[in-house]
Amino acid sequence: MHPDVEAFHTYRQRMNELILSKQNKVINRLFNLDTNTYQDGALPAKVKEMLGLVASMVLRCDDCIKYHLGKCKELGVTTEEMYEIFAVANIVGGTIVIPHTRRAAEYWEALQQ
């Protein structure tokens, strides 16, 4: 696993465990809703992750972008599909999304290793 990918996963897991260990009902429910939102339903999980990635890029959340890139990779999104996702995000979000596209492309490449 690429060091950048491993570092992101390790940090995310450690911090999620810390946050969830505090047993805040609202935060725990929010995490649960987030997990369940991306399960297969009328839309397959792959499509939901693509939608989540576009939204994350438009909202300019780099951690969210990395998370959804990883899930997209796990669910079989191809590089060709990924660049179409990037295109949609840039059209919807405008040129402010370009720096996030650069970082997303870099992380996508790391996921391929």
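**View 1. Salt bridge between E81 and K46.** The side chains of E81 and K46 meet in a salt bridge, with 3.4 Å from N to O; the term denotes a side-chain nitrogen of Lys or Arg within 4 Å of a carboxyl oxygen of Asp or Glu. E81 belongs to helix α5 and K46 to helix α3, so the contact ties together parts that are 35 residues apart in sequence. Helices are DSSP runs (H or I, at least four residues), numbered from the N terminus. E81 has a relative accessibility of 28% and counts as partly exposed; K46, at 26%, is likewise partly exposed. Here buried means under 20% relative accessible area, exposed over 50%, and partly exposed in between (1.4 Å probe, protein chains only). The model is predicted: local features need pLDDT of at least 70 and side-chain atom pairs count only at pLDDT 80 or more, while totals for chains, interfaces and linings use all residues. Residues are numbered from 1 along each chain as its sequence is written, and side-chain values use heavy atoms, with hydrogens and water left out.

View 2. R103 is partly exposed at 37% relative accessibility, and D62 is partly exposed at 28%. K71 and E74 are three residues apart in helix α4, which means a separation of about one helical turn. K71 is partly exposed at 24%, whereas E74 is exposed at 56%.

View 3. The buried residues of the helix are A45, K48, E49, M50, G52, L53, V54, S56 and M57. They pack against α2 (25–37), α4 (62–74), α5 (79–93) and α6 (98–112), where contact means heavy atoms within 4.5 Å. After α3 comes R60, whose phi is positive, near 65 degrees.

**View 4. Aromatic pairs.** The count comes to two aromatic pairs. Rings of Phe, Tyr and Trp (its six-membered ring) pair if their centres lie within 6.5 Å; planes under 30 degrees apart count as stacked, over 60 as edge-to-face and the rest as tilted. The ring centres of F8 and Y107 are 6.0 Å apart and the planes stand at 80 degrees, so this pair is edge-to-face. F8 lies in helix α1 (residues 3–21) and Y107 in helix α6, 99 residues apart, and the pair thus links distant parts of the chain. Both F8 and Y107 are buried. Y83 and F86 form an edge-to-face pair, 4.9 Å centre to centre with 70 degrees between the planes. Both residues lie in helix α5, three residues apart, about one turn of the helix. Y83 is partly exposed at 40%, while F86 is buried at 2%.

**View 5. Nonpolar surface patch.** V88, I91 and V92 make a nonpolar surface patch of about 320 Å². Patches consist of residues with over 30% relative accessible area and no salt bridge, like charges being joined within 9 Å and nonpolar side chains (Val, Leu, Ile, Met, Phe, Trp, Tyr) within 5 Å. V92 is found in helix α5 and counts as exposed at 55% relative accessibility.

Note on methods
Helix = DSSP H or I, 4+ residues; strand = E, 2+ residues; numbered from the N terminus. Areas by Shrake-Rupley, 256 points an atom, 1.4 Å probe, with all protein chains shown as cover.
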